[in-house]
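Work through the exercises below with the model open. Try each task before reading its solution.

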Amino acid sequence: HPPRGRRVTPSAFDRISPAFPQRAPWGTSARLRAWQAAALERYLATNPRDFLTVATPGAGKTTFALRVASELLAARIVRRVIVVAPTEHLKVQWADAAAKVGIQLDPGLGGRRRGRSRQYNGVVVTYAGVATAMLSYQTMTANTDTLVILDEVHHAGDALAWGDAVREAFQYATRRLALTGTPFRSDDNPIPFVTYAETPGGLISRADYTYGYADALRDHVVRPVVFMNYGGPMRWRTKAGDTIEANLGELTTKDVSQQAWRTALDPKGEWIAAVLRAADRRLTEVRRHVPDAGGLVIATNQAHARAYARVLESLTGAKPVLVLSDDAHSSGRIEAYAASEDRWMVAVRMVSEGVDVPRLAVGVYATATSTPLFFAQAVGRFVRKRRRGEIATVFLPTVPVILAHASSLERQR
């Protein structure tokens, strides 16, 4: 039997901000933003089975996708909605956003959200969850007209099994809407249902609608970001017992550059302590004008995250919020931090992408991940605008590849 969820109408969007999960910032409309309306118009005019939207973090991809879902449900083109998200925390955010517009999605959390309707229009699942129950989702989409929303679709390429599972599970879907914050390249694991275009640098995803960082800045949808680059001399001992010195950021061999970067991120080293002190001073300055402004440190792993938290506690006298894994407890900690005035949160790289806290204004990029896609997602944590005149500050290591990513974003300003 098809789901018996409540009838959804586009007018329900009067109850959701274009910028969910936060209030709409200064200068935006009470309903759809201009880019959301233009993308929706293109979608409805072409009625595509597959549609890829690239919209910079903070622009309002969730609101756009839910508007598409409400239009398709109202027109009876689909009877069910399945949202695939990267993390458990984002499942909760999607279910909350959908509920505000009358679309009831089951986030699969059992009794934790007992207030939700028992009649669902669909479900929210992670990419890992699709891989473990591929046949179940294949049957679901084969038997009922379904819209599948693939949030941050580049994650379908994180593991070969995930991409294969997404292809198999949703090959019979009536409609598929893919979302991402930045274009991505094809590698050994091409993303299903995405069209790629030839470029001098290789294959890159081809979007059906693009709304970039420069567009969002022009429309006052996001804040500008200022990058603070920190370098300095690094010294480490090799396995053979030799001591090597190099300046972080100087042009040298790839191996030496990587080792200098790892040395900088060592919680026992001087570099990270100096950067955390500078970032905390910056946060104090920001909080004079924005009292609830917060900071986020993105760490490579759990051990580093715990150590960075201890450094921040010694600086501030307050324990930062620690987010070490993607689970229900972490979701609760992120939500509590977002609603508080606590200064700092420290998150491991794997869950940082799911941290949507509009009050974040200062960031420390303390991870050795160097892909342009992850860098753009990380910076996206700090661009969500709440009021006029805000800027964000992100502290970076002076590593050439990271500085190149930062320069690319700065050129768009």
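**Exercise 1. The chain as a whole**

What share of the contacts in the chain with a separation of 6 or more comes from residues 24 or more positions apart?

Solution. The model is a predicted one. Residues 24 or more positions apart supply 73% of those contacts. Next, take the secondary structure: the chain has 14 helices and 17 strands. Finally, take burial: 53% of the 413 residues count as buried.

**Exercise 2. Two helices in contact**

Determine how α2 and α3 are oriented to each other, then describe their contact.

Solution. Step one: locate the helices. Helix α2 covers residues 61-74, and helix α3 covers residues 88-100. Step two: read the geometry. They pack at about 55°, and their axes are 10 Å apart. Step three: classify the angle. Angles under 35 degrees count as roughly parallel, and 65 to 115 as roughly perpendicular. The pair α2 and α3 is therefore oblique. Step four: assign the hand. The crossing of α2 past α3 is right-handed. Step five: list the residues. From α2 come Thr-62, Ala-65 and Leu-66; they meet Trp-94, Ala-97 and Ala-98 of α3. By class, this contact has five nonpolar residues, one polar and no charged ones.

**Exercise 3. A serine and its partner**

Is Ser-331 buried or exposed, and which side chain does its own side chain contact?

Solution. Start with the location: Ser-331 sits in helix α11, residues 328-339. Then apply the cut-off: buried means under 20% relative accessible area. Ser-331 has 1% relative accessibility, so it counts as buried. Last, find the partner. The Ser-331 side chain forms a polar contact with the His-89 side chain at 2.7 Å. His-89 falls within the residue range of α3, 88-100.

Technical notes
Residues are numbered from 1 along each chain as its sequence is written. This is a predicted model: local features need pLDDT of at least 70, side-chain atom pairs count only at pLDDT 80 or more; totals for chains, interfaces and linings use all residues. Side-chain values use heavy atoms; hydrogens and water are left out. Axes are lines fitted to C-alpha atoms, for helices over the stretch in contact, and angles run from 0 to 180 degrees between N-to-C directions. Helices (H or I, at least four residues) and strands (E, at least two) are DSSP runs, numbered from the N terminus. Angles under 35 degrees count as roughly parallel, over 145 as roughly antiparallel, 65 to 115 as roughly perpendicular and the rest as oblique. A crossing is left-handed if the near helix is turned anticlockwise from the far one by less than a right angle, and right-handed if clockwise. Contact means heavy atoms within 4.5 Å. Ala, Val, Leu, Ile, Met, Phe, Trp, Tyr, Cys and Pro count as nonpolar, Asp, Glu, Lys and Arg as charged, and the others, Gly among them, as polar. Buried means under 20% relative accessible area, exposed over 50%, partly exposed in between (1.4 Å probe, protein chains only). A polar contact is a pair of N or O atoms within 3.5 Å; within protein, one must be able to donate a hydrogen and the other to accept it, and residues adjacent in sequence count only if both atoms are side-chain atoms.
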